[in-house]
Amino acid sequence: MLNRRHIRVKVMQTIYAMHQSGSDNLEKQEKFLTASLENILDLYLIMLSTLTEIRKKEIDYIEISKKKHLATPEERNPNLRFINNPIFNGLEESNSFSIALENRKINNWQINDDTILMLLQVVKQSELYVNYMAKKTVTFEEERFFIADLFSDIIAPNEKLYSYLEDFKLTWVDDIPVVNTQILKQLKQFSKEEDFRIAPLYKDIEDRDFASSLFRKTVLNEDKLTKEFVDKTPNWDLERIAELDTIILKMAICEFLNFPSIPVKVTINEYLELAKEYSTPKSSIFINGILDNLVKDFQANNKIKKSGRGLI
């Protein structure tokens, strides 16, 4: 689920928060980083469970409507296509999903079912829902893409849902797009031949270790890493450089010198993107110039040692 860029974002934010708080407790800050990354799995489960909880609320509504004293013919014999959608059923029957919900103690929508009721109302008023329910027959592919469109066009962009998530955990603001992209990918690839399995947080052990390794190697060597670029900014006093820019530079230099499996070009491109998204408008140009000069200097002095195919 998590790519290296998002891991870098979390490390950058943790170092920045560490600087702002004046804390030098490395173990405490590393625990914060780990928790921040682990909590992304909770967000993923919460967002995915909006689908199963919406279905449950619609089932409740249908059952109540059937028992009304003056129920209409439509209420007595409702269209069950929505609640019988095979993607809903696949999620409901997934052991992987149900075990994860239990292990992570995800009960947000049981406590805040008004959010789910609001989403259900928005869904049923949508053109997407009306057209889907009006079809005479639907293929499995149409069922699958209906749920994918339901999630991407109605649930994920909902402002009230977003506000709830932001209020629940502020660190999720940057995580929501990553999680929604993963869920949408899985919905579009949903197979009736295979049981649905939740996505792992990390691609592999190497990615999991990358976060703590990058954090520790940057924080423990900040003074040394600063000296590598301070002479490359003759027209700038260190105090005039945006703090986020100095953190980005130190993390990039740390990767140059301490992560032999990561190509130089990848490191430069990744941190330029971080600068564009999180720092000042001119930061990426400033950082690009410094990193370019540093790479030439490091290579001339044989300080960069990369291993693997295609690495420079």
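User: How are H2 and H5 oriented to each other, roughly parallel or oblique?

Analyst: H2 and H5 are oblique to each other, since angles under 35 degrees count as roughly parallel, over 145 as roughly antiparallel, 65 to 115 as roughly perpendicular and the rest as oblique. The axes of H2 (residues 26–66) and H5 (residues 95–103) cross at roughly 120° and come within 11 Å. Axes here are lines fitted to C-alpha atoms, for helices over the stretch in contact, with angles running from 0 to 180 degrees between N-to-C directions. Helices (H or I, at least four residues) and strands (E, at least two) are DSSP runs, numbered from the N terminus.

User: Before we go on, what should I know about the source of these values?

Analyst: This is a predicted model, in which local features need pLDDT of at least 70 and side-chain atom pairs count only at pLDDT 80 or more, while totals for chains, interfaces and linings use all residues. Residues are numbered from 1 along each chain as its sequence is written, and side-chain values use heavy atoms, with hydrogens and water left out.

User: Which residues meet where H2 and H5 touch?

Analyst: On the H2 side they are Leu45, Leu48, Ser49 and Thr52, which meet Phe97, Ala100 and Leu101 of H5, where contact means heavy atoms within 4.5 Å. By class, this contact has 5 nonpolar, 2 polar and no charged residues; Ala, Val, Leu, Ile, Met, Phe, Trp, Tyr, Cys and Pro count as nonpolar, Asp, Glu, Lys and Arg as charged, and the others, Gly among them, as polar.

User: And H1 with H14, at what angle do they cross?

Analyst: The axes of H1 (residues 4–21) and H14 (residues 243–258) cross at roughly 130° and come within 10 Å. That makes H1 oblique to H14. Among the residues of H1 in this contact are Arg8, Ile15 and Tyr16, and H14 contributes residues including Glu243, Ile247 and Glu255. By class, the H1 contact with H14 has 8 nonpolar, 2 polar and 4 charged residues.

User: Changing topic, is Phe196 buried or exposed?

Analyst: Phenylalanine 196 counts as buried because its relative accessibility is 7%, with buried meaning under 20% relative accessible area, exposed over 50% and partly exposed in between (1.4 Å probe, protein chains only). Phenylalanine 196 lies in the loop between H11 (176–188) and H12 (205–219).

User: What does it touch?

Analyst: Leaving out residues up to four places away in sequence, phenylalanine 196 touches Tyr44, Leu48, Gly90, Leu91, Ser94, Ser96, Gln186 and Phe190. Serine 96 is 100 residues from phenylalanine 196 along the chain, and their C-alpha atoms are separated by 7.2 Å.

User: Which side chain does Asn85 make a polar contact with?

Analyst: The side chain of asparagine 85 makes a polar contact with that of tyrosine 132, at 3.0 Å. Such a contact is a pair of N or O atoms within 3.5 Å; within protein, one must be able to donate a hydrogen and the other to accept it, and residues adjacent in sequence count only if both atoms are side-chain atoms. Asparagine 85 is found in the loop between H3 (73–76) and H4 (86–92), and is buried, with a relative accessible area of 0%.

User: Which value of phi does Lys105 have?

Analyst: Phi of lysine 105 is near 55°, a positive value in a residue other than glycine. Most residues other than glycine have a negative phi. Lysine 105 lies in the loop between H5 and H6 (108–111) and is exposed, with a relative accessible area of 67%.
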